[in-house]
Amino acid sequence: MHELSLAEGVLQIVEDAAREQKFLRVRTVVLEIGRLSSVESEAMRFCFDAVACGTLAEGATLEVIEAPGEGLCFSCGKTVPLAALYDPCPACGGYPVQATGGTGMRVRELEVE
Amino acid sequence: MCTTCGCAVGETRIGGEDVREHSRSGMRYAAVKAVHVHPHADGGAHAHAPGMSQSRMVQIERDILSKNDGYAAQNRARFEEQGVFALNLVSSPGSGKTTLLCRTIEALKGRLSIAVVEGDQQTSNDAERIRATGVPALQINTGKGCHLDAHMVGHALQQLAPADDSLLFIENVGNLVCPAAFDLGEAHKVAILSVTEGEDKPLKYPDMFRAASVLLINKTDLLPYVSFKLDLAVEYARRINPALQVLCVSATTGEGVAEWLAWLEAGCAARQAQKRATVASLKRRVAELEARLSGNAQA
């Protein structure tokens, strides 16, 4: 359940932003989570609700935008869409495909008041 | 524990001691509440009524792991300054990490200064096993936590104080999932897979095999007795991570261990050379500046 640590990380980013940008409540947190990152969106939602209790983000909606996975195929040399780290190249069926996009996770924006 | 990046608030113990100074639970939100800024300070019409409020969007664009990565960068800078070659050992429980570590230490302790950070949910059994080899070891107990983070390791380094030019092993909590996401500042993640596990583990737990730069396949002495397909395991691992370096070892018989030791010594030598080059270039720079200063003084 490393999503709990990650949810704590999200909350800290929100709190830092509240200090810098002077807001008092957060209504929506927009996350971008890569398809190939090591985080499960549903677990993240569950954990975020738990850690946000009693904070300026209590009750906030967590919106998750999924960033598509992308990889470089070592067989055909093309940059291709990739749904999972272990998938073959959708263009030529070869291996390996090195993940090049959709591996990150970040807080994009907040709706605040 | 400091709640910065851990998942076991208040339960982390380093060397048997609670991490109290960062135990911010209870006060962590006070700082935010204390910042009282009138929401209409911009001079706009004072138009809010109970139940109605104005919202706005704030762009953030920050990586969720940025706090952990900041601590990891501090650890990495410390390792580079000191010439410490740090490795983060990750695997399932029972892959033979500690046994391999003990054998490695016995072989290298005469030639290298070695220190170990041990991560487990509970007990200091592993740190005791390591200390029995004669090298310093510090146990981090993560309590309910499932991985080490860079902040815990930073605290452990303060206590353990690894020597300059040393080899530091950080044995992570036995878990093939969570430790993948958390950079500790190490030079490499070393994944250990034993032949008593399935050869498809790299496909089942791809994040870890992608994060690692070296894969040790351990317990090779048991290959005749198990159905583990070595070639397939390597092929699967390289599907996930084409650049993965693979070494096959048996911590029990010592088979393949020489190659592992050679890899470790080469890594330490490279790290020490890098430190000497940095120190030499800094010394040259200082000498240049001193020469310029004395030149100015004479003029």
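Guide: Gladly! Let's start with the crossing of α2(B) and α5(B), which is left-handed in this predicted model. The axes of α2(B), residues 66-82, and α5(B) cross at roughly 35° and come within 8 Å. On the α2(B) side, the meeting residues are B:N68, B:Y71, B:A72, B:N75, B:R78 and B:F79, and they face B:A150, B:H151, B:V153, B:G154, B:L157 and B:Q158 of α5(B). Sorted by class, this contact has 6 nonpolar, 5 polar and 1 charged residues.

Now follow α5(B) over to the strands. Helix α5(B), residues 150-160, lies across β1, β5 (114-120), β6 (137-141) and β7 (167-171) of chain B, and runs at about 150° to β6(B). Those strands belong to an open sheet of 9 strands with mixed pairing, and in chain B the order reads β2-β1-β6-β5-β7-β4-β8-β9-β10. The edges are held by β2 (17-18) and β10 (245-248) of chain B; each has a single partner strand, so one side of each is left without a neighbour in the sheet.

Strand β1(B), residues 13-14, runs antiparallel to β2(B), and 2 bridges join them. One pairing to pick out there is B:I14, whose bridge partner in β2(B) is B:E17. So much for the tour: from the helix pair, through α5(B) lying across β1(B), to the edge strand β2(B).

Terms used. Residues are numbered from 1 along each chain as its sequence is written. Chains are lettered from A and ligands numbered from 1 in the order in which they are written. This is a predicted model: local features need pLDDT of at least 70, side-chain atom pairs count only at pLDDT 80 or more; totals for chains, interfaces and linings use all residues. Side-chain values use heavy atoms; hydrogens and water are left out. Two strands pair if DSSP finds at least two bridges between them. Helices (H or I, at least four residues) and strands (E, at least two) are DSSP runs, numbered from the N terminus. Contact means heavy atoms within 4.5 Å. Axes are lines fitted to C-alpha atoms, for helices over the stretch in contact, and angles run from 0 to 180 degrees between N-to-C directions. A crossing is left-handed if the near helix is turned anticlockwise from the far one by less than a right angle, and right-handed if clockwise. Ala, Val, Leu, Ile, Met, Phe, Trp, Tyr, Cys and Pro count as nonpolar, Asp, Glu, Lys and Arg as charged, and the others, Gly among them, as polar.
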